[in-house]
Amino acid sequence: MSVYRSRQNMGLLLANTVLKILGEGVVKTIDLVIPIPTTSEVSALSLAQKLQIPFCQAFVKNRYVGRTFIMPGQKERQKSVRRKLNAMKEEFKDKNVLLVDDSIVRGTTSREIVNMARDAQAKKVFFASCAPPIR
């Protein structure tokens, strides 16, 4: 199976999980599905299509900042996430958003992007990872 197809499938499975955990009523209040660039885009699009929620690429990625999770210190990782991603405020303002990432390594990126969405005045922020749990 191609990586593309497996990412699509992970998005579809995540849609089922989001629906199960949040419930149909809460899912209907979500205004946008926003991927964390770039590897989660395919999964987030599949999820958005399945849940019938608009998809929006509301984070702009600075391609000159390297992989943040492998940086040596926590402070450096946090600063680098803010340098790596920029939230387009007009896409977040007064909206309930579902952020979709492809994995969680340390949680630094997850915490920072949720804070960035809040700083951009999102009403509610939901966060989901399409990576299957490791057991």
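A crossing of two helices is right-handed if the near helix is turned clockwise from the far one by less than a right angle, and left-handed if it is turned anticlockwise. In this predicted model, the crossing of helices α1 and α3 is right-handed. The contact draws on Tyr 4, Arg 7, Gln 8, Met 10, Gly 11, Leu 12, Leu 14, Ala 15, Asn 16, Val 18 and Leu 19 from α1. From α3 come Val 42, Ser 43, Ser 46, Leu 47, Lys 50 and Leu 51. By type, these contact residues are 10 nonpolar, 5 polar and 2 charged.

Two packed helices are described by the angle between their axes and the distance between the axes. Helix α1 spans residues 3–22 and helix α3 spans residues 41–51. Their axes come within 7 Å. The crossing angle is roughly 45 degrees. Angles under 35 degrees count as roughly parallel, and those from 65 to 115 as roughly perpendicular. The pair α1 and α3 is therefore oblique.

The protein as a whole contains 6 helices and 5 strands. Along the sequence they follow the pattern α-α-β-α-β-α-β-α-β-α-β. Of the 135 residues in the protein, 41% are buried. Contacts between residues at least 6 apart in sequence were also examined: 72% of them join residues at least 24 apart.

Attention now turns to the sheet. Strands of a sheet pair through backbone hydrogen bonds, either parallel or antiparallel. Here, 3 strands form an open sheet in the order β1-β4-β5, and the pairing is parallel. The edges are taken by β1 (32–35) and β5 (124–129). Each edge strand has a single partner, so one side of each is left without a neighbour in the sheet. On average, neighbouring strands of this sheet are turned by 25 degrees against each other, direction ignored.

Strand β4 covers residues 96–101 and is joined to β5 by 6 bridges. In this pairing, Val 97 stands opposite Val 125 of β5. Helix α1 packs on the sheet and touches β4 and β5. The direction of α1 makes about 135 degrees with that of β5.

Pro 35 stands opposite Val 100 in β4. In a regular strand the side chains alternate between the two faces of the sheet. In β1, Leu 32 and Ile 34 point one way, while Val 33 and Pro 35 point the other way. All four of these residues are buried.

Helix α3 also meets the sheet. This helix lies across β1 and β4 and runs at about 165 degrees to β1. The buried residues of α3 are Val 42, Ser 43, Ala 44, Ser 46, Leu 47, Ala 48 and Leu 51. They pack against α1, α2 (24–27), β1 and β4. After α3 comes Gln 52, with a positive phi near 55 degrees.

Ser 43 lies in helix α3. A residue is buried when its relative accessible area is under 20%. Ser 43 has 1% relative accessibility and so counts as buried. Ser 43 and Asn 9 are 34 residues apart in sequence, yet their C-alpha atoms are 7.3 Å apart. Leaving out residues up to four places away in sequence, Ser 43 touches Arg 7, Met 10, Gly 11 and Cys 130.

Asp 101 belongs to strand β4. At 7% relative accessibility, Asp 101 is buried. Beyond its neighbours within four places in sequence, Asp 101 is in contact with Ile 36, Ser 40, Thr 109, Phe 127, Ala 128, Ser 129 and Cys 130.

Ala 128 sits in strand β5. Its relative accessible area is 8%, so Ala 128 is buried. Ala 128 and Leu 14 are separated by 114 residues in sequence, but by 7.9 Å in space, C-alpha to C-alpha. With residues up to four places away set aside, Ala 128 touches Leu 14, Val 18, Leu 98, Leu 99, Val 100 and Asp 101.

Terms used. Residues numbered from 1 in each chain as written. Predicted model: local features only at pLDDT ≥ 70, side-chain atom pairs only at ≥ 80, totals over all residues. Heavy atoms only, no water. Axes fitted to C-alpha atoms, helices over the stretch in contact; angles between N-to-C directions. Helix = DSSP H or I, 4+ residues; strand = E, 2+ residues; numbered from the N terminus. Parallel < 35°, antiparallel > 145°, perpendicular 65-115°, else oblique. Contact = heavy atoms within 4.5 Å. Nonpolar A, V, L, I, M, F, W, Y, C, P; charged D, E, K, R; others polar. Pairing = 2+ DSSP bridges. Buried < 20%, exposed > 50% of the residue type's maximum accessible area, 1.4 Å probe, protein only.
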